[in-house]
Amino acid sequence: MSQLRVGTRRWRFGVALAALLGISCVHDEEAHQHGGTPVTLVGDGGRVRYLVGWSWEGATWDPAAAGYRFVSDEGVEVLLTGLWVGLGALELVPCEPDDESAAVAWLRHVVLPARASADHVWVSDGTLVEQPMALDALAGRLVEFGGGTTTLGSQYCELYQRATVIQEGVSPDLRQQSLRATGTYRLPGEGAPTEFDVDVDLPVGSNDTLAHDELGAGLPDVTDVVATYAGVKLFDGVNPDELSERELAYELLRNAIASGTVGARFP
Amino acid sequence: MTDLDGGTLDQGGALDEGIPTSTACTELLTRVGEAYTLSGALRDCSTVSGGAAVADSLMNLDGITIDNEGTAMTPCIAVLCDDDAAYVASNALPHYDFVATTPNALVENAFIYRVPFTPEPFASNTTATDAASINGCTTAYTQYLTAPTVATQNEPSGLCARGAATLISDTEDGVTHVYQQIPCLNTTGFVISGSPVFGPNEAGVPDPFGNPGYNYPNDTSDDYGNGAALDFCGGHTANAMHYHAAIDACFERDSSGAPANSYAGATAGWDLAASMTDACSEPSGVVGWSPDGYPIMGSCVCVARDDAGACTEVRRARSGWAYNGLGVWGTDAGEAAALGVEGSSCTTDDDCCTGADCNFSCSVTVVPTSVGTNTEVGRRCVLVDYAWCTHQYVRRDEKLPAGEDYVYLDRCNGFEGPDGYAYYATLTFPYLTGCLRGAADDYVADLGDGGMNMNGLPMCTVGQTMCCGDDICGGPETAQNCAADCP
């Protein structure tokens with residue numbers, strides 16, 4: 001069997017040199033999709049605090065219904081009265097060179113610390129924090145995830161986030177579920193809204209580019225890495241009537257985690 | 001979309017052989033002659049004896065667009081045949097929305113696989129190394145007791161190929177069976193949606209040549225593992241999306257050949273033990289192909305057919321490899337402290353060990369019964385590291401144990417039944433294939449600069465100072481090994 005890898009191993013000296021010097025990692029296109037200025041977090045042994053929260057920009061709080069109202073990109077009117085997501089792990093992802101030849105890969109392997117996607121699997125460098133918790137998305141609070149971590153020398157460009165099943169006894173909101181969502185939806189042209197109360201027990205993950213957080217610095221001597229999930233994107237691209245309850249919950253979970261934007265607040 | 005030879009991958013289009021494909025994979029098939037220099041004139045597989053079996057087994061990906069973290073991508077697969085083989089082109093994307101179980105991104109990779117129509121099993125008198133004499137795992141034992149978190153330089157067992165594949169043999173009941181090693185790392189076949197199949201071990205990190213399946217939760221009440229986790233269909237990303245295992249429901253097809261189940265639907269009710277022991281109602285379909293020409297089937301095996309061809313007995317495939325632990329490979333005085341817990345019954349991971357230095361998982365696995373040569377399924381404290389060295393293949397007294405509803409597979413995870421020989425997917429080591437029953441001489445294509453050998457490293461040419469294929473994880477060739485690898 002053979003693998004054709006045409007076009008992926010071109011020598012790009014500038015990128016290679018930058019990679020060797022550890023000054024690469026400009027992911028303009030991806031970062032701009034999230035509306036931020038990409039930054040590189042230089043791992044110099046400093047402390048990092050992970051914060052997670054939800055943004056309800058674009059939604060309206062309905063006090064009578066005790067939920068957020070918003071419209072999806074496909075015109076689905078949603079009233080969300082409950083949303084709990086199991087967040088299992090966060091990990092800073094070292095920067096990747098855009099492209100490289102085998103020679104550059106070898107040189108980088110020799111000179112630099114292991115990177116995120118080094119060959120077969122990623123190499124965790126100690127920034128992984130696993131402390132599964134149930135996030136109450138409607139609570140509106142920014143919460144600290146885990147006890148923080150310490151960078152170990154890599155240059156970081158992304159944050160990996162993994163939603164996971166929350167085990168029995170950890171939270172009253174999620175019990176062997178990674179997401180539970182309640183509320184109503186109404187498709188364009190439909191009359192009465194349809195109630196939903198869905199959950200799923202699957203993990204999903206997502207990478208998001210680190211961007212500069214406009215809110216500025218947090219604590220002294222601590223870099224805050226802030227993941228903010230966009231509630232109004234929950235139903236984007238989803239037609240609930242075409243999905244089973246489990247499939248709907250899974251799509252909501254995927255959208256929830258994928259909606260994350262990650263800001264870095266430097267001390 | 002990924003740039004392919006300077007062009008753009010388009011969507012749409014179809015071949016005439018009945019497998020709708022995107023033009024990207026159709027165009028990729030124009031390069032078969034480059035990948036396989038001995039290939040003949042290519043044509044519709046339905047016109048070639050043996051071709052339809054391969055072509056008709058492939059997943060119909062027409063119209064499928066997957067979500068890759070907000071980016072739409074289009075998986076494709078296409079096939080053409082010459083007189084001797086099918087050539088399957090793929091861009092190695094899953095047929096479902098990408099599930100990021102590791103930080104590795106999903107990217108397109110162009111593959112062309114060759115499936116010969118006539119497998120050539122090795123003759124019993126073929127020169128081969130007796131598998132029972134291979135003892136590379138003593139190195140893993142010593143390394144683990146010395147520095148458990150540091151992997152040996154290469155996969156140590158000697159049971160998989162670090163460079164050129166060698167032949168190994170088992171002798172059972174006076175009959176010698178000869179097999180070809182699969183590579184320790186990289187492609188050993190492909191699934192019917194087009195992504196490559198890898199062997200039953202990970203690389204040297206994070207768990208030294210660890211078992212890809214031991215990060216799975218046992219059921220929905222269990223935690224997901226911390227290592228190189230697979231998605232619930234059996235795949236994950238590295239340089240390319242690949243599968244170490246295959247969950248039947250993920251690869252079931254409807255009458256049009258399209259995926260029968262969504263990812264969420266296929267993985268509902270996750271319960272490893274039940275999936276290994278529940279009775280089968282009907283034979284599984286093809287989930288992939290091996291480069292020696294044998295299919296890789298799902299986990300339900302037809303073991304008998306009547307004169308009319310109807311399957312009269314279906315059994316669950318059970319691996320002939322059982323968890324036997326790393327401790328069998330040495331007698332060091334420090335073993336009890338390092339490995340004492342392995343193989344013990346457990347309910348949760350904490351029953352095995354706790355903390356950052358814990359290398360054990362409480363996982364559902366197949367273990368030898370205390371009496372006889374049979375096995376049982378249960379939760380045991382298993383070492384996640386050194387997958388090949390913690391499992392042992394044992395020739396069972398009965399391939400079809402009386403009173404049981406499972407069938408034992410051979411060393412390669414295969415079974416010779418009324419439908420001929422095939423590999424079968426299991427949820428324990430080696431998951432898909434443990435070796436090759438037939439020759440796969442065309443495994444390595446001569447693609448020159450753009451090609452990859454079976455270990456995923458650049459192919460060498462005489463005179464080059466880098467390249468070759470020693471499967472050192474994390475880097476290409478070195479001057480030390482190049483001389484030996486490159487004549």
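Which residues in helix H4 of chain B are buried? Within H4, which spans residues 137–146 of chain B, they are B:Cys137, B:Ala140, B:Tyr141 and B:Tyr144. A residue is called buried if 20 or more other C-beta atoms lie within 10 Å of its own, exposed if 12 or fewer, and partly exposed in between, with C-beta atoms placed from the backbone. Helices (H or I, at least four residues) and strands (E, at least two) are DSSP runs, numbered from the N terminus.

Before I continue, a word on the model. This is a predicted model, in which local features need pLDDT of at least 70 and side-chain atom pairs count only at pLDDT 80 or more, while totals for chains, interfaces and linings use all residues. Residues are numbered from 1 along each chain as its sequence is written, and chains are lettered from A and ligands numbered from 1 in the order in which they are written.

Let us return to helix H4 of chain B and its buried residues, B:Cys137, B:Ala140, B:Tyr141 and B:Tyr144. Seen down the helix axis, the buried residues of H4(B) fall within an arc of 100°, so they line one face of the helix. The arc is that of the directions from the helix axis to the C-beta atoms. These buried residues of H4(B) pack against helix H7 (335–339) and helix H8 (387–390) of chain B.

I turn next to a sheet in chain B. Three strands form an open sheet in the order E6-E7-E8, with mixed pairing. Strand E6 (129–130) and strand E8 (175–180) of chain B stand at the edges, each with a single partner strand, so one side of each is left without a neighbour in the sheet. Two strands are said to pair if DSSP finds at least two bridges between them. Strand E7 (residues 167–172) of chain B is joined to E8(B) by 6 bridges, and the two run antiparallel. Here B:Ser169 stands opposite B:Val178 in E8(B).

Now the domains. Chain B is divided into domain 1 (1–117) and domain 2 (119–440), with bounds that come from an automatic or database domain assignment. Their C-alpha centres lie 27 Å apart. In all, 30 residues of domain 1 of chain B are in contact with 29 residues of domain 2 of chain B, where contact means that the C-beta atoms of two residues, placed from the backbone, lie within 7 Å. On the side of domain 1 of chain B that touches domain 2 of chain B, the elements that give two or more residues are strand E4 (85–90) and strand E5 (110–116) of chain B. The largest share of that side, 5 residues, comes from E5(B).

What of chain A? Chain A has 4 helices and 15 strands, and buried residues make up 51% of its 267 residues. Strand E11 (residues 179–186) of chain A pairs with E6(A) in the antiparallel sense over 8 bridges; the bridge partner of A:Leu83 in E11(A) is A:Ala181. E11(A) is also joined by 7 bridges to strand E12 (residues 194–200) of chain A, and these run antiparallel. There, A:Gly183 stands opposite A:Phe196 in E12(A).

I close with B:Tyr87. Leaving aside its neighbours within four places in sequence, B:Tyr87 is in contact with residues including B:Leu29, B:Val79, B:Ile112 and B:Arg114.
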